[in-house]
Amino acid sequence: MSSLHEDLRDDVRRLGDSLGRTISADLGPEMVTAIERIRQYAKEGRASGASDALQTELSALHDEDLLPVARAFTQFLNLANIAEEHHRIRRQKQKVQADEDETFRVFSMLREAGHSNAEIATALSQMKIDLVLTAHPTEVNRRTLINKFDGVMDCLKAMDHGVEVGSRLDELISQIWHTNEIRKQRPTPVDEAKWGFTVIENSLWHAIPKYLKQLDAQMRHSLGSGLPLDASPVRFSSWMGGDRDGNPNVTAKVTGEVLLLARWQAADLYYQDVDQLRSELSMSRASTELHSIVGGDVNEPYRALLGDLRARLAHTRDGIQACLEGKPFDPSSWIRTADEILRPLQLCHRSLCDSGLALIAGGRLEDLLRRVACFGATLVRLDIRQNSEVHAAVIAEICDHYGMGNYLEWTEAQKQRFLLDELASKRPLIPRDWQPCSTTQEALDTFAVVAQTSPEALGSYVISMAGQPSDVLSVILCLQEQGMEYNIAIAPLFETLADLDNAKPCIERLLSLPWYREYIDGHQEVMIGYSDSAKDAGQLAAAWGQYRAQADLTALCKAEGVHLTLFHGRGGTVGRGGGPSHTAILSQPPGSVVGSLRVTEQGEMIRFKFGVPELAMRNLALYTHAVLQATLEPFGKPEPQWAECMDKMAAAGFQSYRAVVREDPLFVPYFRAATPEQELGKLPLGSRPAKRKVDGGVESLRAIPWIFAWTQIRLMLPAWLGSDRALADAILEGKQPLLKEMYQNWPFFRSYIDLLEMLMAKTDAQISAYYEKRLVSPELGVLGSSLRERLVSMRQLVLDLKQQTQLLSDSPLIRESIEVRNPYLDPLHYLQAELLYRDRNHPEEQLEQALMVCIAGISAGMRNTG
């Protein structure tokens, strides 16, 4: 372990030295000396607990020096991230045997619990984990910089293998330094979708066949049967170009374009693979079945068959390209289904095996079959998301056109009766000569795009703020009216605490409708919102509300004989439901994970978890292990006294959180003064506006900038506010032994406390106090002082509960990662506070640019944003 750590330090030093040489060549050695002096002051300040020298040094900087200093520390943190990611890959290679052991440990544990090898193998073969890639604006780095970061990673890999990289490393770091960190324009939804496709092309396309082949070998060794070639426990969907809730930039036209781009990317990747495979399968020995297809006199039957497939893939790819460019195209022979790719590949596989060439069949051909099993013909399946208010407005405008009254004022029973009658009717509902308002027309255009799309290309239709059966029925009716000929999964999304409490009654009423029961054919999907429920109620109350809602829905669907798939809308941070995925899965209510799970992977977390094939394989394995265990051997129901304690703590946490966020008149002014919340809107992170309503308060602020703003000043308020009072009250009532029992024996509570601990380790009361000192009036500072006192108490509560004297004492790698970054983060924090002060009082473009770089740098150093 020590040698591995030395390797990490050497990489950080090597990259830092190269950056220093680049800055010296650009701005002179004096700038490098000044930057090093600032870093040293930060390091000494951390050791002594006093940052006066650092603050004085930064306050004395001239305006023209602010940007290069901000850029230097930002890029060092980016390079440190690359070194740490490479270090994780090194550790992963050292842990290959450990991963094998972990897989076999899970198999062994399940066997000891009474599950047969056949049962375990069947569960794996039928498993449906759907990772949904979303474009929430938390990836601060530009794509062009990410590509250069990947190049730096390649250099580090090469040097590990003794390969001389010459000046390439310095060249890449010079390119990084001379590239603007901040986008000049917001990415479009199409840009976001292309970024998602790039992650698949560069990493997951390679990781999936390797991982599935590894799992197949593990199953054969331990269970006696492998993973079928047409099975993939993990698949991918996307919200990029489909999520239009509050994002006017995602139009029907955009959705149609993204659907085509996904098919283009898939066809292009398959074309390259089939072309390579065709060059390898030059053998003439083949089965009678294959010869009967290509002709008995063909000397190279595999090449003949694959040549036809390659031609169809090329026709599909080139036709889609023509369509996107507005040129004439003929879609008649485009590949539309995965089966059209699978059939010739499976025929080749059968022929090779029947001809005694199974070794050849197990190479590139099986890799390609595994890819088709995972990615299908469309690379990802696109989800569509829209707010229930939009759908209700469409129905209301139709009803108004017919003079039927105000649909929005009808009772729920009246709405359901009308919608069910129309769903059963054979006549069209939408009049041909009708000219609706632009918003309704856009919604109808979206329904038309969805209705005309192959079911293989679509995931689910997610309804935000769904609360009644009519919210679901209205979507099905609109899709039916636009010509939909199959039943798409409709997933109501329950977001606020009140929504979560209403989830069971809503689904219960839906399942009581015979027409709807026939529509879903025994399968119901429900999405649980983590971000907005935490912003609405505080993290503790939200986490318990999510757990209760899932447990209630699980019990309901089991009683109704309906298979439930829960779709977890998790973010990258604790305040948005983030944290280790396998831990979160294993802490779900018993029976809520039965072979199927959908979960969002958001923003920069996509790159951290899946951007490199080695790390992607590790995370795919963690998902598979956790879902397998949660399916076959979930943790039992919590003890009644645990649930009762959580009920009381959640209520106390909710009241305490709301008392500050919603009821304290100082809160909103303090939030806007102390954090860069207002400035975040200027940072072109993603295509979505930062607020749902331009003139709204905290309630209208999206969960991502809400978390982002508090992360920037190291107070991390959304993840712990309310939990402090709830835990303190429970201890005052003599429940500390009960809390320790819950921590030791209940995965849900242990997961929550462990995530809180990690969060506490990232907080810094001294830094948040400096933002307040520089930016906030003394009147508002009273609230800030109170919040920091509560933060200190929260840290101590976690330590007491875990019986530790130091945070993360049982997670030294995470602790070290945070400690290593602090000397580079601290200057950015103090510099950002100074820039916020100057920019708010005397705004200049130069100051604003430096401020945006600081925001990006702090995000890089914290390893997550929103």
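D130, R381, D383, E525 and R598 are linked in a network of salt bridges. The model is a predicted one. Across the whole structure, a search finds 54 salt bridges.

**Salt bridges**

- Side chains of opposite charge can pair when their charged atoms come close.
- E601 and K609 form a salt bridge, and their closest N and O atoms are 2.9 Å apart.
- E601 is buried, at a relative accessible area of 3%.
- K609 is buried as well, with a relative accessible area of 12%, because the cut-off for buried is under 20%.
- R840 and E679 meet through their side chains in another salt bridge, at 3.0 Å from N to O.
- This pair links distant parts of the chain: R840 lies in helix α36 and E679 in helix α28 (residues 677–680), 161 residues apart.
- E679 counts as buried at 5% relative accessibility, while R840 is partly exposed, with a relative accessible area of 29%.
- K327 and E325 also form a salt bridge between their side chains, at 3.0 Å from N to O.
- K327 is partly exposed, at a relative accessible area of 48%.
- E325 is partly exposed too, with a relative accessible area of 43%.

- F73 and Y824 are both buried.
- One aromatic cluster is formed by W205, F236, Y270, F375 and F610.

**Charges over rings**

- R71 places its charged end over the ring of W177, 4.2 Å from the ring centre.
- R774 does likewise with Y837: its charged end sits over that ring, 3.9 Å from the centre.

**Helix α34**

- Helix α34 covers residues 765–775.
- Its buried residues are I767, S768, Y770, Y771, E772 and L775.
- An α-helix has 3.6 residues a turn, so residues three or four places apart point the same way.
- At the start of α34, D764 reaches with a side-chain oxygen to within 3.1 Å of the backbone nitrogen of Q766.

Methods:
Residues numbered from 1 in each chain as written. Predicted model: local features only at pLDDT ≥ 70, side-chain atom pairs only at ≥ 80, totals over all residues. Heavy atoms only, no water. Buried < 20%, exposed > 50% of the residue type's maximum accessible area, 1.4 Å probe, protein only. Helix = DSSP H or I, 4+ residues; strand = E, 2+ residues; numbered from the N terminus. Polar contact = N/O pair within 3.5 Å; in protein donor to acceptor, adjacent residues only side chain to side chain. Phe/Tyr/Trp six-rings, centres within 6.5 Å; stacked < 30°, edge-to-face > 60°. Lys NZ or Arg CZ within 6 Å of the ring centre and 35° of its normal. Salt bridge = Lys/Arg side-chain N within 4 Å of Asp/Glu carboxyl O.
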